[in-house]
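Dear colleague,

Please find below the structure that I am handing over to you. My notes on what was found in it follow directly after.

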Amino acid sequence: MSQRRGIHVDQSELLCKKGCGFYGNGAWQGLCSKCWREENQREKQRQIQEDQALAERLQREEEEAYASRHQRAQSQPAVTPFNKFEERKTKEKSSRVNTVTKFFTPSTKTPPKKDAGPFDTQSTPSPSSSAGRQSSLDRDRATQEFIDFLKAVKSGREIFKQCRAFTESMVYKRDMGADELSECVQDFYQNLSDRLHNQFKGSSELVERVMDEVEKYMMTRLYTEVFCPETTDDEKKDLAIQKRIRDLHWVTIEMLCVPVDEEIPEVSDSVVKAITDIIEMDSKQVPKDKLGCITRCSKHIFNGIKVSKKEAASADDFLPTLIYIVLKANPPRLQSNIQYITRFCNPSRLMTGEDGYYFTNLCCAVAFIEKLDGQSLNMSSEEFELYMSGQASPNGPQPAASSSSGSAALSQAHNSLDVLTGLDERQERVIEKARQLESDLIDWTDEVEQKVQSALESFPLETQNSTASAASETASAALSAIDSENVENELLPPPLQPQVFAG
């Protein structure tokens with residue numbers, strides 16, 4: 001048998017392709033957030049230059065065409081009054097059409113209502129619904145916590161005004177795509193971070209805390225509109241990855257070379273906690289909190305590997321185990337959560353630190369699951385397709401690659417017969433033990449009767465008569481004592497004797 005090869009990812013593959021040393025991301029074509037933004041800005045600048053060049057060329061061509069028409073018009077006779085009338089009629093008709101179109105086209109410059117929050121549209125849950133009330137409570141709580149935090153920060157009032165103004169300005173950008181919204185948020189993060197670093201020089205920890213609170217305040221208020229927006233295909237990707245994971249339910253620990261022994265109670269507990277944390281990620285609103293769920297899940301995985309191997313876990317052990325946890329958990333809206341973190345998380349947290357490392361590994365795990373094939377599991381493609389279609393199971397007999405649905409049904413029938421045979425053998429063993437128990441009970445009863453008879457023979461009736469005599473004497477003594485119950489003192493004088501008087 002060929003040696004099974006494990007899942008291996010070089011740590012250099014997790015880093016940015018530009019070689020800056022930060023963690024990369026598949027959503028950014030393997031780049032970190034900083035290099036991606038720089039590359040994106042260069043691409044936009046290049047596109048702007050190309051558009052300007054195209055506009056200048058079109059303008060020159062238009063001017064040349066106009067000059068050519070003007071020369072031809074001078075060489076031709078003057079336009080008749082009838083032609084002028086037709087031209088004026090056509091212009092008036094076009095003007096009326098444009099006026100009607102503008103009338104029915106909603107204006108993007110319409111200011112929001114005074115009491116309207118960010119992204120207040122018709123799709124927003126009504127305040128009377130429980131979801132709407134809960135969302136409103138979350139926003140109010142986040143706002144109050146943000147204000148309380150900024151009270152102890154220098155120029156906290158100015159920071160709050162900037163964040164509130166930016167959040168409210170997002171209402172004008174409701175028609176923008178998710179990438180454009182992400183770019184706006186990331187630009188605000190970058191500009192605010194630069195200003196804070198200039199203001200609080202030498203206090204990078206304070207800047208990080210302020211940026212964490214800024215992210216919490218802004219994304220709590222914008223969550224319902226920027227998470228899985230309708231302008232993206234995030235929901236479609238969620239359904240696709242969920243179906244993919246369900247189809248891979250047959251994948252076992254041995255196939256992934258996962259170094260985890262779930263028979264150990266502590267390891268089993270760590271696996272359950274890891275699954276719980278990765279599922280809980282969907283219930284969080286702030287990107288930092290979602291990353292916290294991923295980090296806790298990863299630490300439980302490392303603990304399970306350490307207990308199983310009795311040594312520290314390596315990166316080659318971690319990734320296969322993370323893939324196994326994702327397959328067992330099938331987290332809800334997995335792709336939407338990954339995209340949400342990628343788009344709106346504080347970029348510095350994704351570039352460095354344990355949160356960025358674990359998140360990058362999760363992205364690698366999802367990419368591996370999407371591309372999983374027979375070669376990845378050290379099996380033939382025909383065998384892999386049989387498992388995926390449900391025609392075979394790794395725990396059952398291995399049918400040939402050319403087996404049909406009839407042979408699959410026959411294999412299932414053989415499995416059922418094997419199960420029935422095993423049950424019959426167990427029933428025979430139970431009956432045999434029941435008969436043995438009955439025989440043991442009969443022998444025990446006989447033994448007890450013999451012991452009782454032997455005891456009666458060892459102690460004859462004389463002992464019983466003496467016992468009866470003693471009992472009768474005790475009873476007589478009790479009866480004679482009745483008359484003496486009222487005797488209080490034996491020293492009382494004798495009773496008076498009657499005397500006879502002579503008459």
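Leu420 has a relative accessible area of 54% and is therefore exposed, the cut-off being over 50%. Please bear in mind that this value, like the others in this message, comes from a predicted model. Leu420 is part of helix H16, and together with Leu417, Val419 and Leu423 it makes a nonpolar surface patch of about 390 Å².

Helix H16 spans residues 405-458 and also holds Glu428. On the surface, Glu428 gathers with Asp424, Glu425 and Glu432 in a patch of negative charge.

Between the C-alpha atoms of Thr342 and Ser182 the distance is 8.8 Å, although 160 residues separate the two in sequence.

As to the chain in general, the fold comprises 17 helices and zero strands. The chain has 503 residues, of which 31% are classed as buried. Among contacts in the chain with a separation of 6 or more, 71% are made by residues 24 or more positions apart. The accessible surface of the chain amounts to about 33400 Å², and carbon and sulfur atoms contribute 53% of this area.

With kind regards

Technical notes:
Residues numbered from 1 in each chain as written. Predicted model: local features only at pLDDT ≥ 70, side-chain atom pairs only at ≥ 80, totals over all residues. Heavy atoms only, no water. Patch = residues over 30% accessible without salt bridge, like charges linked within 9 Å, V, L, I, M, F, W, Y side chains within 5 Å. Areas by Shrake-Rupley, 256 points an atom, 1.4 Å probe, with all protein chains shown as cover. Salt bridge = Lys/Arg side-chain N within 4 Å of Asp/Glu carboxyl O. Lys, Arg positive; Asp, Glu negative; His and termini not counted. Charge placed at Lys NZ, Arg CZ, Asp CG, Glu CD. Helix = DSSP H or I, 4+ residues; strand = E, 2+ residues; numbered from the N terminus. Buried < 20%, exposed > 50% of the residue type's maximum accessible area, 1.4 Å probe, protein only. Contact = heavy atoms within 4.5 Å.
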